[in-house]
Amino acid sequence: LMEEGSIYPQGADAVKKLNQIVRKGNEWAENTAALINSPDVITLDIAKEVIEKGDELNIVCQEYRTLRNALRQARGWLLRVKKMNNDETQAPINELKELIAEHETFLVKVPEQVDQLKEMLCGYC
């Protein structure tokens, strides 16, 4: 996009604004790709913050889709955990193990909920 804009006068306000938007978008995509590929834990809060910033920039790229889908996956998992916690009966051990194992595969993590599930699992010990 910046290459296409190079045919227009660089001093024009619209071109300056476009260049600034493109730079911000590219910076967001680079930072998000680094976050996705890093060994660091991406928590629900971090993912929400990054996605909100992408929404503000009106970003649509692979990094955005990857993180957005991972956030949706973590939220869906969290709803299942909360539903299980609201159930008055004791959760089956195999269901706890499945939820914990499933969480380990996620890009976006919810460590406090996993800790809670592990505590519940210890109740079976």
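Tutor: A search of the whole structure, which is a predicted model, finds 2 aromatic pairs.

Student: What makes the pair of W28 and Y64 a tilted one?

Tutor: The ring centres of W28 and Y64 lie 6.1 Å apart and the ring planes stand at 50 degrees. Rings pair if their centres lie within 6.5 Å, and planes under 30 degrees apart count as stacked and those over 60 as edge-to-face, with the rest tilted. The pair of W28 and Y64 is therefore tilted.

Student: Why is this pair said to tie together separate parts of the sequence?

Tutor: W28 belongs to helix α2 (residues 13-37) and Y64 to helix α4, so the pair ties together parts that are 36 residues apart in sequence.

Student: How do you know whether W28 and Y64 are buried or exposed?

Tutor: Buried means under 20% relative accessible area. W28 has a relative accessibility of 6% and so counts as buried, and Y64, with a relative accessible area of 9%, is buried as well.

Student: Why is the pair of W77 and F106 given the name edge-to-face?

Tutor: The planes of W77 and F106 stand at 90 degrees, with the ring centres 6.2 Å apart, so the pair is edge-to-face, since planes over 60 degrees apart carry that name. W77 lies in helix α4 and F106 in the loop between α5 and β2 (108-109), so this pair ties together parts that are 29 residues apart in sequence. W77 is buried because its relative accessible area is 1%, and F106 is buried because its value is 4%.

Student: What makes α4 and α5 roughly antiparallel?

Tutor: Helix α4 and helix α5 (residues 93-104) pack at an angle of about 160 degrees, with their axes 11 Å apart. Angles over 145 degrees count as roughly antiparallel, and α4 is therefore roughly antiparallel to α5. The crossing of these two helices is left-handed.

Student: Which residues meet where α4 and α5 pack?

Tutor: On the α4 side W77, R80, V81 and M84 take part, and they meet E95, L96, L99, E102 and H103 of α5. The residues of this contact divide into 5 nonpolar, 1 polar and 3 charged.

Student: Why is H103 called buried?

Tutor: H103, a residue of helix α5, has a relative accessibility of 3% and therefore counts as buried, the cut-off being under 20%. Leaving aside residues up to four places away in sequence, H103 touches W77, K109, V110, P111 and V114.

Student: And what makes N58 exposed?

Tutor: N58 has a relative accessibility of 66%, and it therefore counts as exposed, because exposed means over 50%. N58 has its place in the loop between α3 (44-56) and α4 (62-86), and its phi is near 60 degrees, a positive value in a residue other than glycine. From C-alpha to C-alpha, N58 and I21 are 9.8 Å apart in space, although 37 residues apart in sequence.

Student: What is the order of the elements in the whole protein, and how many of its residues count as buried, as a percentage?

Tutor: The protein has 6 helices and 2 strands, which run α-α-β-α-α-α-β-α from the N terminus on. Of its 125 residues, 32% count as buried. Among contacts between residues at least 6 apart in sequence, 62% join residues at least 24 apart.

Key
Residues are numbered from 1 along each chain as its sequence is written. This is a predicted model: local features need pLDDT of at least 70, side-chain atom pairs count only at pLDDT 80 or more; totals for chains, interfaces and linings use all residues. Side-chain values use heavy atoms; hydrogens and water are left out. Helices (H or I, at least four residues) and strands (E, at least two) are DSSP runs, numbered from the N terminus. Buried means under 20% relative accessible area, exposed over 50%, partly exposed in between (1.4 Å probe, protein chains only). Axes are lines fitted to C-alpha atoms, for helices over the stretch in contact, and angles run from 0 to 180 degrees between N-to-C directions. Angles under 35 degrees count as roughly parallel, over 145 as roughly antiparallel, 65 to 115 as roughly perpendicular and the rest as oblique. A crossing is left-handed if the near helix is turned anticlockwise from the far one by less than a right angle, and right-handed if clockwise. Contact means heavy atoms within 4.5 Å. Ala, Val, Leu, Ile, Met, Phe, Trp, Tyr, Cys and Pro count as nonpolar, Asp, Glu, Lys and Arg as charged, and the others, Gly among them, as polar. Rings of Phe, Tyr and Trp (its six-membered ring) pair if their centres lie within 6.5 Å; planes under 30 degrees apart count as stacked, over 60 as edge-to-face and the rest as tilted.
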